[in-house]
Amino acid sequence: MTLLSLNRRRYGSPPFQRLVIFMPDKPKPNDSNQGDPDSDEDDWSTYASAGYAYSVVDTDETVETVESSKDEWFDGDDFEFQGSVINWDAPPCPAPLGIEHLIRIGSCDHCLQRLAGRRTAARGAAGGALIRSEARARNLDLESLEKPDLCPLCEDLFDDVENIVIRIIDQTGDVEHSSIQFGIHLPKDLVEEEDRIRTRHGSPGSQPMKPAFVNAIQDALLTSVNEVQFVKEKPDLMILVDGLTLRVSVDVRPVFLFGRYLKLERGIPQTRWPCRACRGRGGGCESCSGTGLQYLDSVQDLIGEPLRIALDAEDTSFHGMGREDIDVRCLGRGRPFVMEIKRPQRRSIDLEEIQKAINLSAKDRVEINSLRWSDRPEVRRVKETRSEKSYSIRFRVEEMPEEDFVIKSILGLSGVKLAQETPKRVSHRRAAKTRHRTVNSVSDVIVDGNEVQFTLQCEAGTYVKELIHSDEGRTVPSVRSVLGDLECEVLWLDVQEIHSE
Ligand SMILES: [Zn+2]
Ligand SMILES: [Zn+2]
(Lines give C-alpha, C1' and ligand atoms only; values in the text may rest on other atoms or scores of the structure.)
(Ligands and ions follow the chains in the order given, each with its own letter.)
Protein backbone atom coordinates (compact mmCIF):
# COMPACT_ATOMS: atom_id res chain seq x y z
CA MET A 1 0.00 0.00 0.00
CA THR A 2 2.94 2.35 0.38
CA LEU A 3 3.10 3.28 -3.26
CA LEU A 4 -0.56 4.00 -3.29
CA SER A 5 -0.25 6.09 -0.16
CA LEU A 6 2.54 8.16 -1.59
CA ASN A 7 0.91 8.78 -4.93
CA ARG A 8 -2.55 9.49 -3.72
CA ARG A 9 -1.26 12.30 -1.60
CA ARG A 10 1.11 13.66 -4.14
CA TYR A 11 -1.84 14.24 -6.44
CA GLY A 12 -4.12 15.60 -3.76
CA SER A 13 -7.65 14.51 -3.27
CA PRO A 14 -10.39 15.76 -5.55
CA PRO A 15 -13.76 15.52 -3.84
CA PHE A 16 -14.87 12.06 -4.86
CA GLN A 17 -11.82 10.22 -6.02
CA ARG A 18 -12.10 7.80 -3.17
CA LEU A 19 -15.18 6.15 -4.56
CA VAL A 20 -13.77 5.81 -8.02
CA ILE A 21 -12.60 2.28 -8.55
CA PHE A 22 -10.65 1.29 -11.57
CA MET A 23 -10.11 -2.31 -12.59
CA PRO A 24 -6.67 -3.16 -13.94
CA ASP A 25 -8.13 -5.41 -16.60
CA LYS A 26 -10.48 -2.80 -18.03
CA PRO A 27 -9.75 0.33 -20.00
CA LYS A 28 -9.44 3.33 -17.75
CA PRO A 29 -12.07 6.03 -17.86
CA ASN A 30 -9.46 8.60 -18.84
CA ASP A 31 -6.59 6.74 -20.36
CA SER A 32 -5.39 9.30 -22.86
CA ASN A 33 -1.80 9.31 -21.66
CA GLN A 34 -1.26 6.28 -19.49
CA GLY A 35 0.18 2.97 -20.58
CA ASP A 36 -1.06 -0.49 -19.77
CA PRO A 37 -1.55 -0.39 -16.01
CA ASP A 38 -0.36 -3.94 -15.48
CA SER A 39 2.91 -3.27 -17.19
CA ASP A 40 3.87 -0.25 -15.16
CA GLU A 41 3.49 -0.70 -11.45
CA ASP A 42 4.93 2.69 -10.66
CA ASP A 43 2.21 4.43 -12.52
CA TRP A 44 -0.97 2.58 -12.08
CA SER A 45 -1.90 3.42 -8.55
CA THR A 46 -3.22 6.92 -9.03
CA TYR A 47 -3.82 9.05 -12.06
CA ALA A 48 -4.48 12.72 -12.19
CA SER A 49 -6.54 13.50 -15.21
CA ALA A 50 -9.06 16.23 -15.89
CA GLY A 51 -8.86 17.17 -12.24
CA TYR A 52 -9.68 13.68 -10.97
CA ALA A 53 -7.46 10.99 -9.66
CA TYR A 54 -8.33 7.34 -10.12
CA SER A 55 -7.37 4.90 -7.46
CA VAL A 56 -6.77 1.27 -8.14
CA VAL A 57 -7.54 -1.66 -5.93
CA ASP A 58 -4.17 -3.21 -5.56
CA THR A 59 -4.16 -5.93 -2.95
CA ASP A 60 -4.92 -9.60 -3.25
CA GLU A 61 -7.71 -9.47 -0.71
CA THR A 62 -9.72 -7.12 -2.85
CA VAL A 63 -9.53 -9.13 -6.04
CA GLU A 64 -12.91 -10.58 -5.27
CA THR A 65 -14.46 -7.17 -4.92
CA VAL A 66 -13.02 -6.22 -8.23
CA GLU A 67 -14.42 -9.35 -9.84
CA SER A 68 -17.86 -8.90 -8.39
CA SER A 69 -18.03 -5.33 -9.49
CA LYS A 70 -16.77 -6.10 -12.96
CA ASP A 71 -17.98 -3.70 -15.56
CA GLU A 72 -18.91 -1.04 -13.12
CA TRP A 73 -17.07 1.83 -11.67
CA PHE A 74 -18.33 4.66 -9.65
CA ASP A 75 -17.70 8.27 -10.26
CA GLY A 76 -18.48 11.32 -8.21
CA ASP A 77 -22.09 11.49 -9.27
CA ASP A 78 -22.82 8.05 -7.91
CA PHE A 79 -21.40 9.07 -4.61
CA GLU A 80 -23.15 12.35 -4.40
CA PHE A 81 -26.60 11.07 -5.24
CA GLN A 82 -26.68 7.83 -3.34
CA GLY A 83 -29.27 9.61 -1.28
CA SER A 84 -30.71 6.48 0.16
CA VAL A 85 -27.29 5.32 1.24
CA ILE A 86 -25.78 8.53 2.46
CA ASN A 87 -27.81 10.73 4.66
CA TRP A 88 -26.33 14.21 4.50
CA ASP A 89 -28.79 15.38 7.13
CA ALA A 90 -27.56 12.88 9.68
CA PRO A 91 -27.20 14.38 13.16
CA PRO A 92 -23.61 14.72 14.36
CA CYS A 93 -22.01 12.08 16.55
CA PRO A 94 -22.39 10.75 19.18
CA ALA A 95 -25.95 10.15 17.86
CA PRO A 96 -26.17 6.60 16.47
CA LEU A 97 -27.24 7.99 13.09
CA GLY A 98 -24.17 10.22 13.05
CA ILE A 99 -21.94 7.22 13.69
CA GLU A 100 -23.77 5.32 10.96
CA HIS A 101 -23.14 8.18 8.60
CA LEU A 102 -19.41 8.11 9.27
CA ILE A 103 -19.40 4.39 8.54
CA ARG A 104 -21.35 4.89 5.34
CA ILE A 105 -18.96 7.49 3.97
CA GLY A 106 -16.10 5.11 4.65
CA SER A 107 -14.47 6.42 7.80
CA CYS A 108 -11.57 4.24 8.93
CA ASP A 109 -11.50 2.82 12.45
CA HIS A 110 -9.07 5.51 13.64
CA CYS A 111 -11.28 8.34 12.46
CA LEU A 112 -14.41 6.62 13.68
CA GLN A 113 -12.98 6.38 17.16
CA ARG A 114 -11.85 9.98 17.24
CA LEU A 115 -15.12 11.45 15.87
CA ALA A 116 -17.74 9.17 17.42
CA GLY A 117 -17.61 10.80 20.85
CA ARG A 118 -17.92 7.44 22.57
CA ARG A 119 -15.81 6.10 25.34
CA THR A 120 -14.22 2.88 24.18
CA ALA A 121 -12.30 0.19 25.98
CA ALA A 122 -9.43 0.51 23.51
CA ARG A 123 -7.72 3.50 21.95
CA GLY A 124 -7.28 4.25 18.27
CA ALA A 125 -8.26 1.76 15.60
CA ALA A 126 -9.22 -0.96 18.07
CA GLY A 127 -11.72 1.38 19.69
CA GLY A 128 -13.08 2.33 16.26
CA ALA A 129 -13.58 -1.35 15.41
CA LEU A 130 -15.69 -1.78 18.54
CA ILE A 131 -17.85 1.19 17.61
CA ARG A 132 -18.24 -0.18 14.10
CA SER A 133 -19.36 -3.62 15.24
CA GLU A 134 -21.85 -2.09 17.67
CA ALA A 135 -23.32 0.00 14.87
CA ARG A 136 -23.50 -3.02 12.61
CA ALA A 137 -25.34 -4.95 15.29
CA ARG A 138 -27.91 -2.13 15.38
CA ASN A 139 -28.25 -1.86 11.63
CA LEU A 140 -27.46 -4.91 9.54
CA ASP A 141 -27.53 -2.79 6.36
CA LEU A 142 -24.12 -1.50 7.31
CA GLU A 143 -22.60 -4.92 6.67
CA SER A 144 -23.22 -4.84 2.96
CA LEU A 145 -21.82 -1.39 2.24
CA GLU A 146 -19.39 -0.78 -0.60
CA LYS A 147 -16.14 0.04 1.09
CA PRO A 148 -14.56 3.16 -0.39
CA ASP A 149 -10.94 3.03 -1.32
CA LEU A 150 -9.75 5.59 1.18
CA CYS A 151 -11.08 7.00 4.40
CA PRO A 152 -12.52 10.40 3.42
CA LEU A 153 -11.20 11.97 6.60
CA CYS A 154 -7.58 10.89 6.70
CA GLU A 155 -7.06 9.15 3.34
CA ASP A 156 -5.73 6.22 5.36
CA LEU A 157 -2.95 8.34 6.81
CA PHE A 158 -3.06 6.28 9.99
CA ASP A 159 -2.03 3.19 8.02
CA ASP A 160 1.35 4.87 7.57
CA VAL A 161 2.03 5.28 11.28
CA GLU A 162 4.05 2.09 11.61
CA ASN A 163 6.07 2.90 8.54
CA ILE A 164 6.83 6.36 9.93
CA VAL A 165 7.82 4.95 13.30
CA ILE A 166 10.28 2.59 11.59
CA ARG A 167 11.83 5.56 9.83
CA ILE A 168 12.03 7.53 13.07
CA ILE A 169 13.75 4.69 14.89
CA ASP A 170 16.08 4.28 11.95
CA GLN A 171 17.24 7.87 12.23
CA THR A 172 17.25 8.30 15.98
CA GLY A 173 18.41 4.92 17.26
CA ASP A 174 22.00 6.09 17.78
CA VAL A 175 21.23 9.59 18.98
CA GLU A 176 21.06 10.15 22.72
CA HIS A 177 17.84 11.96 23.56
CA SER A 178 15.22 12.16 26.27
CA SER A 179 12.61 14.40 24.66
CA ILE A 180 10.99 14.73 21.27
CA GLN A 181 8.82 17.37 19.67
CA PHE A 182 6.85 16.54 16.52
CA GLY A 183 6.10 18.77 13.59
CA ILE A 184 3.65 17.42 11.05
CA HIS A 185 3.07 18.67 7.57
CA LEU A 186 -0.19 17.66 5.92
CA PRO A 187 -1.60 18.74 2.56
CA LYS A 188 -3.85 21.74 2.99
CA ASP A 189 -6.74 20.27 1.00
CA LEU A 190 -6.72 17.13 3.14
CA VAL A 191 -6.79 19.16 6.36
CA GLU A 192 -9.62 21.34 5.08
CA GLU A 193 -11.73 18.41 3.93
CA GLU A 194 -11.19 16.61 7.23
CA ASP A 195 -12.12 19.73 9.13
CA ARG A 196 -15.29 20.11 7.07
CA ILE A 197 -16.48 16.53 7.71
CA ARG A 198 -15.45 16.58 11.37
CA THR A 199 -17.19 19.85 12.24
CA ARG A 200 -20.35 18.71 10.48
CA HIS A 201 -20.59 15.07 11.50
CA GLY A 202 -18.13 14.52 14.31
CA SER A 203 -18.96 14.72 17.99
CA PRO A 204 -18.35 18.22 19.40
CA GLY A 205 -14.79 18.46 20.67
CA SER A 206 -13.49 15.63 18.49
CA GLN A 207 -9.74 15.62 18.13
CA PRO A 208 -8.58 17.05 14.80
CA MET A 209 -6.50 14.87 12.54
CA LYS A 210 -3.09 16.44 13.13
CA PRO A 211 -2.89 15.96 16.91
CA ALA A 212 -4.55 12.55 16.54
CA PHE A 213 -1.90 11.57 14.03
CA VAL A 214 0.87 12.79 16.34
CA ASN A 215 -0.65 10.83 19.23
CA ALA A 216 -0.82 7.70 17.09
CA ILE A 217 2.85 8.07 16.16
CA GLN A 218 3.82 8.69 19.77
CA ASP A 219 1.85 5.70 21.03
CA ALA A 220 3.41 3.47 18.41
CA LEU A 221 6.88 4.83 19.15
CA LEU A 222 6.49 4.14 22.86
CA THR A 223 6.02 0.45 22.13
CA SER A 224 9.54 0.36 20.67
CA VAL A 225 11.54 2.85 22.75
CA ASN A 226 11.46 3.59 26.43
CA GLU A 227 11.82 6.70 28.48
CA VAL A 228 11.21 9.41 25.99
CA GLN A 229 9.16 12.49 26.75
CA PHE A 230 7.02 14.26 24.17
CA VAL A 231 7.26 17.98 24.64
CA LYS A 232 5.98 21.17 23.06
CA GLU A 233 9.17 23.18 23.48
CA LYS A 234 12.90 22.75 24.02
CA PRO A 235 13.12 19.15 22.73
CA ASP A 236 16.33 17.20 22.29
CA LEU A 237 15.04 16.08 18.91
CA MET A 238 12.67 17.89 16.60
CA ILE A 239 11.09 15.35 14.26
CA LEU A 240 9.36 16.61 11.15
CA VAL A 241 6.99 14.24 9.38
CA ASP A 242 5.69 15.07 5.96
CA GLY A 243 2.29 13.40 5.55
CA LEU A 244 2.53 13.92 1.81
CA THR A 245 5.77 12.09 1.14
CA LEU A 246 6.14 10.26 4.49
CA ARG A 247 9.58 11.83 4.71
CA VAL A 248 10.92 11.95 8.25
CA SER A 249 13.60 14.47 9.09
CA VAL A 250 15.28 14.62 12.47
CA ASP A 251 16.72 17.85 13.77
CA VAL A 252 19.10 17.18 16.64
CA ARG A 253 18.88 20.31 18.77
CA PRO A 254 22.09 21.84 20.07
CA VAL A 255 23.23 21.72 23.67
CA PHE A 256 24.49 24.85 25.43
CA LEU A 257 27.14 25.21 28.10
CA PHE A 258 27.86 28.31 30.14
CA GLY A 259 31.30 29.06 31.54
CA ARG A 260 33.96 31.74 31.99
CA TYR A 261 37.27 31.74 30.23
CA LEU A 262 40.63 33.23 30.96
CA LYS A 263 42.94 33.97 28.06
CA LEU A 264 46.45 33.69 29.39
CA GLU A 265 48.37 34.08 26.14
CA ARG A 266 48.27 36.93 23.65
CA GLY A 267 47.69 36.30 19.97
CA ILE A 268 44.68 34.00 20.27
CA PRO A 269 41.46 35.26 18.69
CA GLN A 270 38.24 34.62 20.58
CA THR A 271 36.48 32.91 17.69
CA ARG A 272 37.72 31.02 14.66
CA TRP A 273 39.31 33.45 12.24
CA PRO A 274 39.15 32.42 8.58
CA CYS A 275 42.31 32.70 6.48
CA ARG A 276 42.37 36.04 4.67
CA ALA A 277 43.92 34.55 1.55
CA CYS A 278 41.42 31.77 0.91
CA ARG A 279 38.56 33.13 3.04
CA GLY A 280 38.47 29.93 5.06
CA ARG A 281 38.19 27.55 2.13
CA GLY A 282 41.51 25.89 2.94
CA GLY A 283 42.21 23.30 0.25
CA GLY A 284 45.48 24.06 -1.51
CA CYS A 285 45.93 27.47 0.15
CA GLU A 286 49.61 28.10 0.93
CA SER A 287 49.15 30.90 3.37
CA CYS A 288 47.21 28.74 5.84
CA SER A 289 48.61 25.33 4.81
CA GLY A 290 45.10 24.28 3.91
CA THR A 291 43.62 24.78 7.38
CA GLY A 292 41.44 27.69 6.27
CA LEU A 293 42.43 29.49 9.47
CA GLN A 294 44.38 32.70 9.91
CA TYR A 295 45.26 31.62 13.44
CA LEU A 296 45.37 27.92 14.12
CA ASP A 297 43.97 28.27 17.61
CA SER A 298 41.08 30.24 18.99
CA VAL A 299 39.39 30.39 22.38
CA GLN A 300 36.39 28.86 20.62
CA ASP A 301 38.29 25.77 19.46
CA LEU A 302 40.55 25.35 22.49
CA ILE A 303 37.37 25.02 24.57
CA GLY A 304 34.95 23.81 21.91
CA GLU A 305 36.87 21.00 20.24
CA PRO A 306 37.16 18.79 23.35
CA LEU A 307 33.44 19.37 23.92
CA ARG A 308 32.55 18.66 20.32
CA ILE A 309 34.50 15.41 20.38
CA ALA A 310 33.11 14.34 23.76
CA LEU A 311 29.54 14.94 22.58
CA ASP A 312 30.19 13.51 19.12
CA ALA A 313 28.86 16.72 17.59
CA GLU A 314 29.25 18.46 14.24
CA ASP A 315 30.37 21.94 15.12
CA THR A 316 30.30 24.70 17.72
CA SER A 317 29.21 28.32 17.95
CA PHE A 318 30.81 30.59 20.50
CA HIS A 319 28.83 33.35 22.21
CA GLY A 320 30.95 35.60 24.43
CA MET A 321 29.99 38.48 26.72
CA GLY A 322 31.88 40.86 24.47
CA ARG A 323 35.40 40.10 23.28
CA GLU A 324 38.94 41.29 23.80
CA ASP A 325 41.34 42.08 20.98
CA ILE A 326 43.56 39.26 19.81
CA ASP A 327 46.60 40.77 21.58
CA VAL A 328 44.76 41.35 24.86
CA ARG A 329 44.77 38.84 27.69
CA CYS A 330 41.66 38.22 29.77
CA LEU A 331 42.31 37.47 33.46
CA GLY A 332 40.51 37.63 36.81
CA ARG A 333 37.44 35.44 37.02
CA GLY A 334 37.31 35.29 33.25
CA ARG A 335 34.85 36.29 30.57
CA PRO A 336 31.37 34.69 30.56
CA PHE A 337 30.48 32.71 27.46
CA VAL A 338 27.95 30.21 26.16
CA MET A 339 29.18 27.42 23.91
CA GLU A 340 26.60 26.04 21.50
CA ILE A 341 27.35 22.46 20.43
CA LYS A 342 25.58 21.51 17.25
CA ARG A 343 23.98 18.18 16.36
CA PRO A 344 25.39 16.24 19.32
CA GLN A 345 24.96 12.48 19.23
CA ARG A 346 25.51 12.45 22.98
CA ARG A 347 24.02 14.85 25.48
CA SER A 348 25.33 13.80 28.86
CA ILE A 349 28.91 14.24 30.04
CA ASP A 350 30.60 14.88 33.35
CA LEU A 351 31.19 18.63 33.28
CA GLU A 352 33.84 18.62 35.98
CA GLU A 353 35.86 16.05 34.07
CA ILE A 354 35.57 17.78 30.72
CA GLN A 355 36.50 21.13 32.31
CA LYS A 356 39.63 19.51 33.71
CA ALA A 357 40.43 17.98 30.33
CA ILE A 358 40.02 21.31 28.55
CA ASN A 359 42.24 23.11 31.07
CA LEU A 360 44.89 20.45 30.70
CA SER A 361 44.93 20.50 26.91
CA ALA A 362 44.92 24.32 26.71
CA LYS A 363 47.36 24.74 29.61
CA ASP A 364 48.85 28.26 29.96
CA ARG A 365 46.82 29.46 27.03
CA VAL A 366 43.14 29.27 27.93
CA GLU A 367 41.49 28.21 31.17
CA ILE A 368 37.81 27.82 31.97
CA ASN A 369 35.76 27.72 35.16
CA SER A 370 32.13 27.61 36.32
CA LEU A 371 31.09 25.27 33.48
CA ARG A 372 27.38 24.38 33.68
CA TRP A 373 24.46 23.47 31.38
CA SER A 374 22.75 26.38 29.75
CA ASP A 375 20.14 27.15 27.10
CA ARG A 376 19.46 29.40 24.13
CA PRO A 377 17.88 32.27 26.10
CA GLU A 378 21.13 32.59 28.02
CA VAL A 379 22.98 33.18 24.75
CA ARG A 380 20.99 36.32 24.37
CA ARG A 381 21.49 37.38 27.94
CA VAL A 382 25.24 36.90 27.71
CA LYS A 383 25.51 38.72 24.40
CA GLU A 384 23.43 41.64 25.59
CA THR A 385 25.04 42.16 28.98
CA ARG A 386 27.26 45.23 29.10
CA SER A 387 29.62 45.11 32.04
CA GLU A 388 32.10 47.47 33.55
CA LYS A 389 35.62 46.21 33.24
CA SER A 390 38.97 46.70 34.94
CA TYR A 391 42.13 46.82 32.88
CA SER A 392 45.87 46.99 33.32
CA ILE A 393 47.71 48.76 30.58
CA ARG A 394 51.37 49.56 29.84
CA PHE A 395 52.61 52.09 27.34
CA ARG A 396 55.78 53.84 26.25
CA VAL A 397 56.17 57.64 26.28
CA GLU A 398 58.31 59.47 23.75
CA GLU A 399 60.00 61.75 26.33
CA MET A 400 59.08 60.99 29.93
CA PRO A 401 58.13 64.10 31.94
CA GLU A 402 58.57 64.37 35.74
CA GLU A 403 57.24 61.26 37.50
CA ASP A 404 55.00 63.26 39.86
CA PHE A 405 53.44 65.09 36.95
CA VAL A 406 52.79 61.84 35.08
CA ILE A 407 51.18 60.15 38.10
CA LYS A 408 49.08 63.19 38.98
CA SER A 409 47.92 63.73 35.38
CA ILE A 410 46.87 60.11 34.87
CA LEU A 411 45.13 59.85 38.27
CA GLY A 412 43.29 63.02 37.25
CA LEU A 413 41.46 61.02 34.57
CA SER A 414 39.48 59.23 37.29
CA GLY A 415 35.79 60.12 36.96
CA VAL A 416 36.25 61.84 33.63
CA LYS A 417 33.68 61.40 30.88
CA LEU A 418 35.34 60.59 27.57
CA ALA A 419 34.09 61.52 24.13
CA GLN A 420 35.26 58.81 21.73
CA GLU A 421 34.75 58.90 18.03
CA THR A 422 34.65 55.49 16.39
CA PRO A 423 38.30 54.34 16.32
CA LYS A 424 39.97 54.22 12.95
CA ARG A 425 40.89 50.55 13.46
CA VAL A 426 37.25 49.47 13.66
CA SER A 427 35.68 52.11 11.42
CA HIS A 428 35.19 49.57 8.63
CA ARG A 429 32.71 47.61 10.74
CA ARG A 430 31.29 50.15 13.20
CA ALA A 431 29.07 53.13 12.54
CA ALA A 432 30.78 56.48 12.85
CA LYS A 433 29.52 58.19 15.99
CA THR A 434 30.73 59.77 19.19
CA ARG A 435 30.38 57.62 22.30
CA HIS A 436 30.48 59.01 25.81
CA ARG A 437 32.01 56.70 28.39
CA THR A 438 33.07 57.28 31.96
CA VAL A 439 36.42 56.31 33.44
CA ASN A 440 35.23 55.24 36.88
CA SER A 441 38.61 54.96 38.59
CA VAL A 442 42.33 55.03 37.94
CA SER A 443 44.95 53.57 40.27
CA ASP A 444 48.40 52.01 40.65
CA VAL A 445 50.23 54.31 38.28
CA ILE A 446 53.84 53.16 37.98
CA VAL A 447 56.53 55.00 36.03
CA ASP A 448 59.36 52.70 34.94
CA GLY A 449 62.01 54.31 32.71
CA ASN A 450 60.11 55.55 29.68
CA GLU A 451 57.22 53.18 30.29
CA VAL A 452 54.07 53.71 32.35
CA GLN A 453 51.66 51.13 33.71
CA PHE A 454 48.35 51.65 35.53
CA THR A 455 45.00 50.06 36.16
CA LEU A 456 41.61 51.55 35.46
CA GLN A 457 37.97 50.63 35.68
CA CYS A 458 35.62 51.97 33.05
CA GLU A 459 32.18 51.72 31.60
CA ALA A 460 31.29 49.00 29.09
CA GLY A 461 32.21 49.96 25.56
CA THR A 462 35.20 52.16 26.40
CA TYR A 463 38.02 52.00 23.85
CA VAL A 464 40.95 51.69 26.24
CA LYS A 465 43.87 51.77 23.80
CA GLU A 466 42.44 54.94 22.30
CA LEU A 467 42.20 56.46 25.76
CA ILE A 468 46.02 56.21 25.87
CA HIS A 469 47.14 57.33 22.43
CA SER A 470 44.04 59.46 21.60
CA ASP A 471 43.59 57.98 18.10
CA GLU A 472 44.79 61.22 16.52
CA GLY A 473 42.63 63.34 18.77
CA ARG A 474 39.47 61.28 18.25
CA THR A 475 39.30 60.44 21.99
CA VAL A 476 39.06 63.45 24.31
CA PRO A 477 40.57 63.71 26.81
CA SER A 478 43.34 61.09 26.63
CA VAL A 479 46.53 60.17 28.47
CA ARG A 480 48.41 61.70 25.58
CA SER A 481 46.55 65.01 25.92
CA VAL A 482 46.95 65.27 29.71
CA LEU A 483 50.68 64.58 29.39
CA GLY A 484 51.03 67.56 27.07
CA ASP A 485 50.52 65.89 23.71
CA LEU A 486 53.37 63.41 24.06
CA GLU A 487 53.28 60.42 21.78
CA CYS A 488 52.19 57.28 23.70
CA GLU A 489 52.54 53.77 22.34
CA VAL A 490 50.51 50.96 23.95
CA LEU A 491 52.70 47.95 24.81
CA TRP A 492 50.05 45.64 26.20
CA LEU A 493 46.61 45.51 27.68
CA ASP A 494 45.01 43.00 30.03
CA VAL A 495 41.39 42.70 31.02
CA GLN A 496 41.72 42.30 34.80
CA GLU A 497 38.07 41.75 35.59
CA ILE A 498 34.68 41.74 33.94
CA HIS A 499 32.30 42.97 36.61
CA SER A 500 29.27 40.87 35.79
CA GLU A 501 27.04 39.02 38.26
ZN1 LIG B 1 -9.41 7.87 8.65
ZN1 LIG C 1 44.09 29.92 3.42
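## A helix pair and a buried aspartate

The crossing of α7 and α9 is right-handed, in a model that is predicted. The axes of these two helices, α7 spanning residues 161-172 and α9 spanning residues 209-222, come within 9 Å and cross at roughly 60 degrees. Because angles from 65 to 115 degrees count as roughly perpendicular and those under 35 degrees as roughly parallel, α7 is oblique to α9. By class, the contact of α7 with α9 has 8 nonpolar residues, no polar residues and 1 charged residue. The residues that meet across the pair are set out by helix below.

| Helix | Range | Residues in the contact |
|---|---|---|
| α7 | residues 161-172 | Val-161, Glu-162, Ile-164, Val-165, Ile-168 |
| α9 | residues 209-222 | Ala-216, Ile-217, Ala-220, Leu-221 |

Attention now turns to a strand residue. Asp-494 lies in strand β17, which covers residues 488-499. Is Asp-494 buried or exposed? Asp-494 has 20 other C-beta atoms within 10 Å, and a residue with 20 or more counts as buried, so Asp-494 is buried. Beyond its neighbours within four places in sequence, Asp-494 is in contact with Val-328, Arg-329, Leu-331, Tyr-391 and Ser-392. The C-alpha atoms of Asp-494 and Ser-390 are separated by 8.6 Å, although the two residues are 104 residues apart along the chain.

For the chain as a whole, the secondary structure comes to 15 helices and 17 strands, and 32% of the 501 residues count as buried. Among contacts between residues at least 6 apart in sequence, 70% join residues at least 24 apart.

Key:
Residues are numbered from 1 along each chain as its sequence is written. Chains are lettered from A and ligands numbered from 1 in the order in which they are written. This is a predicted model: local features need pLDDT of at least 70, side-chain atom pairs count only at pLDDT 80 or more; totals for chains, interfaces and linings use all residues. Helices (H or I, at least four residues) and strands (E, at least two) are DSSP runs, numbered from the N terminus. A residue is buried if 20 or more other C-beta atoms lie within 10 Å of its own, exposed if 12 or fewer, and partly exposed in between; C-beta atoms are placed from the backbone. Two residues are in contact if their C-beta atoms, placed from the backbone, lie within 7 Å. Axes are lines fitted to C-alpha atoms, for helices over the stretch in contact, and angles run from 0 to 180 degrees between N-to-C directions. Angles under 35 degrees count as roughly parallel, over 145 as roughly antiparallel, 65 to 115 as roughly perpendicular and the rest as oblique. A crossing is left-handed if the near helix is turned anticlockwise from the far one by less than a right angle, and right-handed if clockwise. Ala, Val, Leu, Ile, Met, Phe, Trp, Tyr, Cys and Pro count as nonpolar, Asp, Glu, Lys and Arg as charged, and the others, Gly among them, as polar.
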